[in-house]
Amino acid sequence: MKLILMERKTDGPEVESFMFKPDGPLTWKAGQFLHYVLHHEPTDGEGSDRWFTVASAPSEGFVMLTTRFPSEKRSTFKKALRELKIGDAIEISDVDGDFLLGAADNSYVFIAGGIGITPFRSILKEALHERKPIDVTLLYANRDEHITYKEELESIAKENPNLKIHYLISPERVDEAKIRELVPNIDKAFFYVSGPEPMTESLGNMLKAMGISGDRIKQDWFPGYPAE
Ligand SMILES: Cc1cc2nc3c(=O)[nH]c(=O)nc-3n(C[C@H](O)[C@H](O)[C@H](O)COP(=O)(O)OP(=O)(O)OC[C@H]3O[C@@H](n4cnc5c(N)ncnc54)[C@H](O)[C@@H]3O)c2cc1C
C-alpha cells in the first residue's frame, strides 16, 4: 500500500510532521505504528525502511508521521524523507503495536521523551473524539523549550480537565522524586512510557524498582535516538 503526501508542517527547528492520504483502505488503532519503505540512493547502512508511530488519531482520517531531523549526521532515510514533495508516495505495510489505551476509567501516567510523544498525541486525540475524559498525568521530558504538539496538547487539556500536563525541560528529568511529586495515584495508575530506547528502558526499570507491577507498565521503544 502507498501513502501520498498531502501536507507538511514544521514544529520547531528540527521536528516536522508529514500528513499522508492512504491510496486504499487503512485502519489503525491509536498508539499503533506503521512500517515504511522509502527507496533512495545511495543508502547508508541503516537501509531504506523504518517504523514510525501513526501520530494522527484514526478519527482524523489521515496518517501523520512526525519525526526529528537531527542537524548533524542525518541518515540517508531522513534525507530522502525530507526531500519528499506534495503528491509523492511512500510505501507502507504492517500496522502493528499494542501500545493501546486500556479501560477508559483507569488512571494513566504517560511519560514521553521528546519525539516519543507521538503515540500519546494519537491516543489523547482519539479519546477526545470519543468523548472519553480519560484521567491522564502527562510527564513530557524534552531537551529544550521546543515542545512538539504543545498547542494541540494544551487545547486537548482545555476540553479534558482530567488531563494534566507537566513539561520537564533538560536538565530536569523524569525520576522517582518527580513521579512521587506529580502523580497523585501511583498505586493504581497505569504507566505508559514512550521515547528513545535507553530512556524507555531505564524508566521501565525504575518504575518496577518503585514497586509498580509489570502489568501496569507499557513501553514503546524508539531506536535511533540517544536519551533525551
Ligand atoms: C515502534 C516504533 C515507533 C517509532 N515511532 C517514531 C516516531 O513517531 N517518530 C520518530 O521520529 N521516530 C520513531 N521511531 C524511530 C524511527 O524508526 C527511527 O529509528 C528514528 O527516527 C531515527 O531515525 P534514523 O535512523 O533515520 O536516524 P536520524 O534521525 O537521521 O539520526 C539519528 C542520529 O542518531 C544516531 N543513531 C542512529 N542509530 C542510533 C542508535 N541505535 N542509538 C543512538 N543513536 C543512533 C545517528 O547516527 C544520527 O546521528 C519509532 C521506532 C519504532 C520501533
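## Cores, domains and ligand shell of a predicted model

The largest nonpolar core contains 34 residues, and those with the most contacts inside it are Phe-110, Ile-111, Ala-112 and Leu-138. A nonpolar core is here a set of buried Ala, Val, Leu, Ile, Met, Phe, Trp, Tyr and Cys residues joined through C-beta atoms within 7 Å. A residue is buried if 20 or more other C-beta atoms lie within 10 Å of its own, exposed if 12 or fewer, and partly exposed in between, with C-beta atoms placed from the backbone. Two or more residues of this core come from each of strand 7 (107–113), helix 2 (118–129), strand 8 (135–142), strand 10 (190–196) and helix 5 (197–209). Helices (H or I, at least four residues) and strands (E, at least two) are DSSP runs, numbered from the N terminus. Not counting residues up to four places away in sequence, Phe-110 touches Phe-120, Val-136, Leu-138 and Tyr-192; contact requires that the C-beta atoms of two residues, placed from the backbone, lie within 7 Å. A second, separate core has 18 residues, including Leu-34, Tyr-36, Val-63 and Leu-65.

The structure is a predicted model, in which local features need pLDDT of at least 70 and side-chain atom pairs count only at pLDDT 80 or more, while totals for chains, interfaces and linings use all residues. Residues are numbered from 1 along each chain as its sequence is written.

### Overall form

The secondary structure of the protein comprises five helices and 11 strands. The radius of gyration is 17 Å, which agrees with the value near 17 Å that a compact globule of 228 residues would have; this radius is taken over C-alpha atoms, and the globule rule is 2.2 Å times the number of residues to the power 0.38. Along the principal axes, the C-alpha atoms fill a box of roughly 50 × 35 × 30 Å. Of the 228 residues, 35% count as buried. Among contacts with a separation of 6 or more, 74% join residues 24 or more positions apart.

### Domains and ligand

The protein is divided into domain 1 (2–96) and domain 2 (107–222), with bounds from an automatic or database domain assignment. Their centres, taken over C-alpha atoms, are separated by 23 Å. The contact takes 17 residues from domain 1 and 13 residues from domain 2. On the side of domain 1 that touches domain 2, strand 5 provides the largest share, three residues. By class, that side has seven nonpolar, seven polar and three charged residues. For these classes, Ala, Val, Leu, Ile, Met, Phe, Trp, Tyr, Cys and Pro count as nonpolar, Asp, Glu, Lys and Arg as charged, and the others, Gly among them, as polar.

The ligand lies between the two domains, because domain 1 and domain 2 both give residues to the shell around it. This shell has 23 residues, the closest being Thr-67, Lys-73, Ser-75, Thr-118 and Gly-224; a residue is near the ligand if its C-beta atom, placed from the backbone, lies within 6 Å of it. At least two shell residues come from each of strand 4 (49–53), strand 5 (63–68) and helix 1 (76–82), and strand 4 gives the most, with four residues. The shell divides into 11 nonpolar, six polar and six charged residues.

### Individual residues

Lys-73, one of the closest residues to the ligand, is found in the loop between strand 5 and helix 1. Its phi is near 50 degrees, a positive value in a residue other than glycine. Lys-73 is exposed, with 6 other C-beta atoms within 10 Å. Tyr-149 also has a positive phi, near 65 degrees, and is placed in the loop between strand 8 and helix 3 (150–159). Tyr-149 counts as buried, since 22 C-beta neighbours lie inside 10 Å.

| Peptide bond | Form | Omega |
|---|---|---|
| Glu-41 to Pro-42 | cis | near -10 degrees |
| Ser-170 to Pro-171 | cis | near 15 degrees |

Pro-42 lies in the loop between strand 3 (33–37) and strand 4, and Pro-171 in the loop between strand 9 (163–169) and helix 4 (176–182).

Ser-93, in strand 6 (residues 89–96), is exposed, with 11 other C-beta atoms within 10 Å. Leaving aside neighbours within four places in sequence, Ser-93 is in contact with Met-1 and His-35. Lys-218, in strand 11 (residues 217–222), counts as buried, with 21 C-beta neighbours inside 10 Å. With the exclusion of neighbours within four places in sequence, Lys-218 is in contact with Phe-99 and Tyr-192.
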